[in-house]
Amino acid sequence: AFLDEYVAARTLVLELGVGQGNRAIKAPLMTWVESTPRATYVVVNRDAPVLPALPDSRLLGIQGDLDPVLLALAML
């Protein structure tokens with residue numbers, strides 16, 4: 001219900017270090033973003049990120065440790 005309130009808004013789903021095996025978190029968010037045209041999905045993970053089926057313009061996967069990645073993003 002929370003996500004449905006934002007289906008028409010520009011929304012960024014930022015996944016931080018969830019890991020490949022945690023489908024309980026990843027699957028519902030990926031499905032929501034795939035069906036929400038104005039949503040973008042960003043994954044930051046130490047391992048290669050698992051990404052939803054989205055156009056490159058709505059998707060970003062960053063591989064690395066959270067601390068340096070978040071510091072670099074904060075400098076943008």
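Leaving aside neighbours within four places in sequence, which residues is lysine 26 in contact with? They are Glu15, Val18, Gly19, Gln20, Tyr41 and Val50, where contact means heavy atoms within 4.5 Å. Welcome to this predicted model, in which local features need pLDDT of at least 70 and side-chain atom pairs count only at pLDDT 80 or more, while totals for chains, interfaces and linings use all residues. Residues are numbered from 1 along each chain as its sequence is written, and side-chain values use heavy atoms, leaving out hydrogens and water.

**Lysine 26**
- Lysine 26 is found in helix H1; helices are DSSP runs (H or I) of at least four residues, strands (E) of at least two, numbered from the N terminus.
- Lysine 26 counts as buried because its relative accessibility is 0% (buried means under 20% relative accessible area, exposed over 50%, partly exposed in between, with a 1.4 Å probe and protein chains only).

**The nonpolar core**
- Nine residues make up the largest nonpolar core: Val13, Met30, Trp32, Val33, Ala39, Tyr41, Val43, Leu54 and Leu59.
- Such a core is a set of buried Ala, Val, Leu, Ile, Met, Phe, Trp, Tyr and Cys residues joined through side-chain atoms within 4.5 Å.
- Helix H1 (23-34) and strand S2 (39-45) are the elements that give two or more residues to this core.
- Not counting residues up to four places away in sequence, leucine 54 touches Val33, Glu34, Tyr41 and Leu59.

- Phenylalanine 2 is exposed, with a relative accessible area of 57%.
- Tyrosine 6 counts as partly exposed at 37% relative accessibility.
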